[in-house]
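Opening my notebook on this one. I'll jot down what I looked up, in the order I looked.

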Amino acid sequence: MIRLPKKFYGIISDAALKGRPEEICGLIGGIKEGNVREVKEIYILENIDHSNEHFTMDPKEQLKAVKDMRKKGIVPLGNFHSHPESPSRPSKEDKRLAYDSEASYMIISLMNENEPVLKSFRIIGDVSSEEEIEYI
Amino acid sequence: MNNMKVTVSGESREYENGITLLELVEAENVEMPEYVTASVNDELLGYHDFEKTVLKDGDVIEFLYFMGGGCI
């Protein structure tokens, strides 16, 4: 389970809608206390693929975000990206490139632009399982 | 051989002088290094640069995993 302040859902969905037709992407940072993971900060990063089907985060911006997290005393919890025209579930490519079984992989689908659907997953190998998001 | 101090992912570490970035990656047990970009004093280096990059005392190193995907 991951706790997500509602304001971050708003920021991610706004960015995803504004970023169409391209996929948008970013990192999430926060705290881990036992089984509780709480998002404290999100970072919207440039999708250097500038594509509606792929994303690659800009490593320079990744570095900046990692440094900011360290300064704030938080840790990387995972990442997010948008699926402008498909459901919020990990694609084959998402699974292939998910190297960290401890990370939360969030996907926001814009199929219903009036109510973008954000889901979070853990991915181990080619198996993904949805994790509950508790909005706070 | 003298040792040197470097900072790896925010933590101070001590290694032998002359260690390469590739040797550091192995010593730090970085998984899937081919998907890693390293920064040495804010300079970004790809996996193919790791072997030829010799670290020096005081270097600050971060490891960044490739983060990407798609909807297909």
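Predicted model: local features only at pLDDT ≥ 70, side-chain atom pairs only at ≥ 80, totals over all residues.

How many helices and strands does the secondary structure of chain B come to? I get one helix and six strands, where helices (H or I, at least four residues) and strands (E, at least two) are DSSP runs numbered from the N terminus.

Residues are numbered from 1 along each chain as its sequence is written, and chains are lettered from A and ligands numbered from 1 in the order in which they are written.

**Chain B**

I read the elements of chain B from the N terminus on as β-β-α-β-β-β-β. I boxed its C-alpha atoms along the principal axes and got roughly 50 × 20 × 20 Å. Of its 72 residues, 24% count as buried; buried is 20 or more other C-beta atoms within 10 Å of the residue's own, exposed is 12 or fewer, partly exposed is in between, and C-beta atoms are placed from the backbone.

Next I traced the sheet. Chain B has an open sheet of five strands in the order 2-1-5-3-4, with mixed pairing; two strands pair if DSSP finds at least two bridges between them. Strand 2 (11–16) and strand 4 (43–45) of chain B are the edge strands, each pairing on one side only. From one strand to the next, the twist averages 30 degrees (axes are lines fitted to C-alpha atoms, for helices over the stretch in contact, and angles run from 0 to 180 degrees between N-to-C directions).

Inside the sheet, strand 3 (residues 36–40) and strand 5 (residues 60–65) of chain B run antiparallel, joined by five bridges. Ser39(B) is opposite Glu62(B) there. I also found helix 2 of chain A packing on this sheet: it touches strand 3, strand 4 and strand 5 of chain B, and its direction makes about 115 degrees with that of strand 5.

**Where A meets B**

I counted 21 residues from chain A and 17 residues from chain B in the contact, contact being C-beta atoms, placed from the backbone, within 7 Å. Which element of chain A gives the most to its side? That is helix 2, with six residues. I sorted the chain A side into seven nonpolar, eight polar and six charged residues; Ala, Val, Leu, Ile, Met, Phe, Trp, Tyr, Cys and Pro count as nonpolar, Asp, Glu, Lys and Arg as charged, and the others, Gly among them, as polar.

The chains also share strand pairing: strand 4 of chain A and strand 6 (residues 68–70) of chain B are antiparallel over three bridges. Phe55(A) sits opposite Gly69(B) in that pair.

**Chain A**

Strand 6 (residues 104–109) and strand 7 (residues 117–124) of chain A run antiparallel with five bridges, and Tyr105(A) stands opposite Phe121(A). Strand 7 also pairs with strand 8 (residues 127–131) of chain A, antiparallel over five bridges, with Arg122(A) partnered by Ser129(A). The hairpin of strands 7 and 8 has two residues between the strands, and Gly125(A) takes a positive phi near 60 degrees in it.

Last, the core. The largest nonpolar core has 42 residues, and Tyr105(A) and Val39(A) are among those with the most contacts inside it; such a core is a set of buried Ala, Val, Leu, Ile, Met, Phe, Trp, Tyr and Cys residues joined through C-beta atoms within 7 Å. Leaving aside neighbours within four places in sequence, Val39(A) has contacts including Ile2(A), Phe8(A), Ile28(A) and Leu77(A).

Technical notes
Contact = placed C-beta atoms within 7 Å.
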